[in-house]
Amino acid sequence: MQPAPVSLQPAPVLLQPATALSGRSSPVPVPEKLMFTAPAAVFQGDCVIAEIQTGLAITRAEVSLHSADGEERVRIAAVPINDSLFVAPVPLDIRLAPGEYVLVLTVETGLVRLERKQVLTVQEKIFVKEEIYLDAKNTAVRLDSSPKRIQQIQTLNKILETVDTDAIRYPGPFHSPLREEPVRRTSFFGDTRVFRYSSGRADLSFHYGIDYGIPIGTPVFAVGDGTVVMAENRISTGYTIVIEHFPGIYSLYYHLDTLHCAPGELVRTGTLIAKSGNTGVSTGPHLHLEFRVNAVPVSPDWFFTNTLWSTPAP
């Protein structure tokens with residue numbers, strides 16, 4: 001069960017003293033119009049949306065996540081939405097230990113560096129465990145170590161690691177990729193999987209998306225506005241589509257039968273992009289839907305119930 005979104009009330013940031021970029025205490029007055037809001041509690045595999053509202057001329061804004069002992073776990077550059085609003089989507093890995101963490105906002109104005117901290121509680125989420133038995137065909141695909149498959153993996157990873165500051169900025173809401181709801185889910189986000197190969201070997205992995213059990217040829221639609229950055233046949237995931245919705249945020253669609261879009265194409269929420277299939281490593285007809293934030297998998301259900309910013313953008 002997902003927690004109800006809990007946002008701290010915005011409050012003026014009054015930091016004394018400000019740190020000059022030279023490293024010395026700055027005589028420059030600390031600006032009061034800087035507000036930093038983020039959820040107070042989330043689950044493993046969720047995304048934390050940090051909003052920075054300010055009238056300052058910001059040259060750099062970052063949000064980092066630190067464990068209680070001060071270790072930095074992730075650092076995300078904030079993306080400007082307009083002159084007064086910046087957004088930093090901070091992904092929480094499903095393997096991040098539950099407990100208290102600290103979100104640290106760092107802002108540079110060209111004259112001073114400002115910092116704001118906020119406690120974040122990461123709650124434990126129970127993930128399903130499953131065993132999957134692969135026949136000889138799927139075993140061969142999953143264990144394929146050919147240069148072609150390795151190159152495909154590297155190409156996809158490079159896309160998912162890309163944070164294009166010129167990318168579209170779609171705030172949401174995100175919608176189901178299927179017209180008919182509810183649809184049977186055959187696997188869930190964060191499942192711990194043991195693959196049993198036909199050779200007798202076993203392999204442990206995590207499932208980074210949702211699998212929908214649907215017939216081959218079922219229409220598949222874009223979950224939100226974005227730019228198609230991949231539409232091709234891959235060894236592991238079959239016919240595959242990747243859509244960029246925001247700098248560093250992507251939706252992925254695997255095991256398709258036919259593609260109805262091409263790289264570089266701008267799609268809108270609900271655009272027909274493909275028909276579902278049973279291609280790649282697949283034990284039956286289904287659609288695999290996945291979201292990545294700065295390459296980190298985030299629960300699709302989080303995107304279905306949240307937006308990327310809540311403050312109205314003029």
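Visitor: How many aromatic pairs does the structure hold?
Guide: This is a predicted model. A pair of aromatic rings is described by the distance of the centres and the angle of the planes. Rings pair if their centres lie within 6.5 Å. The number of aromatic pairs in the structure is eight.

Visitor: Phenylalanine 174 and phenylalanine 303 form an aromatic pair; is it stacked, tilted or edge-to-face?
Guide: The ring centres of phenylalanine 174 and phenylalanine 303 are 5.3 Å apart, with 85° between the planes. Planes over 60 degrees apart count as edge-to-face. The pair of phenylalanine 174 and phenylalanine 303 is therefore edge-to-face.

Visitor: How many residues apart in sequence are the parts that phenylalanine 174 and phenylalanine 303 tie together?
Guide: Phenylalanine 174 lies in the loop between helix 2 (147-160) and strand 12 (185-187). Phenylalanine 303 belongs to helix 3 (residues 300-305). Both phenylalanines are buried. The parts tied together by this pair lie apart in sequence by 129 residues.

Visitor: What kind of pair do phenylalanine 246 and tryptophan 309 form?
Guide: Their ring centres are 6.3 Å apart, and the planes meet at 50°. Planes under 30 degrees apart would count as stacked, and over 60 as edge-to-face.

Visitor: Where do phenylalanine 246 and tryptophan 309 lie?
Guide: Phenylalanine 246 and tryptophan 309 are both buried. Their pair ties together parts that are 63 residues apart in sequence. Phenylalanine 246 lies in strand 18 (residues 238-246), and tryptophan 309 in the segment after helix 3.

Visitor: Which ring has the charged end of arginine 142 over it?
Guide: The charged end of arginine 142 is 3.9 Å from the centre of a ring. An Arg charge needs to be within 6 Å of the ring centre. The ring under arginine 142 is that of phenylalanine 195.

Visitor: Which peptide bond is cis, the one from glycine 172 to which residue?
Guide: Most peptide bonds are trans. This bond has omega near 5°.

Visitor: Is histidine 255 buried or exposed?
Guide: Histidine 255 lies in strand 19 (residues 249-259). Its phi is positive, about 65°, although it is not a glycine. Buried means under 20% relative accessible area. At 6% relative accessibility, histidine 255 counts as buried.

Visitor: What does asparagine 294 count as, at 25% relative accessibility?
Guide: Asparagine 294 lies in the loop between strand 22 (287-293) and strand 23 (296-298). Its phi is positive too, about 50°. Buried means under 20%, and exposed over 50%. At 25%, asparagine 294 counts as partly exposed.

Notes: Residues numbered from 1 in each chain as written. Predicted model: local features only at pLDDT ≥ 70, side-chain atom pairs only at ≥ 80, totals over all residues. Heavy atoms only, no water. Phe/Tyr/Trp six-rings, centres within 6.5 Å; stacked < 30°, edge-to-face > 60°. Helix = DSSP H or I, 4+ residues; strand = E, 2+ residues; numbered from the N terminus. Buried < 20%, exposed > 50% of the residue type's maximum accessible area, 1.4 Å probe, protein only. Lys NZ or Arg CZ within 6 Å of the ring centre and 35° of its normal.
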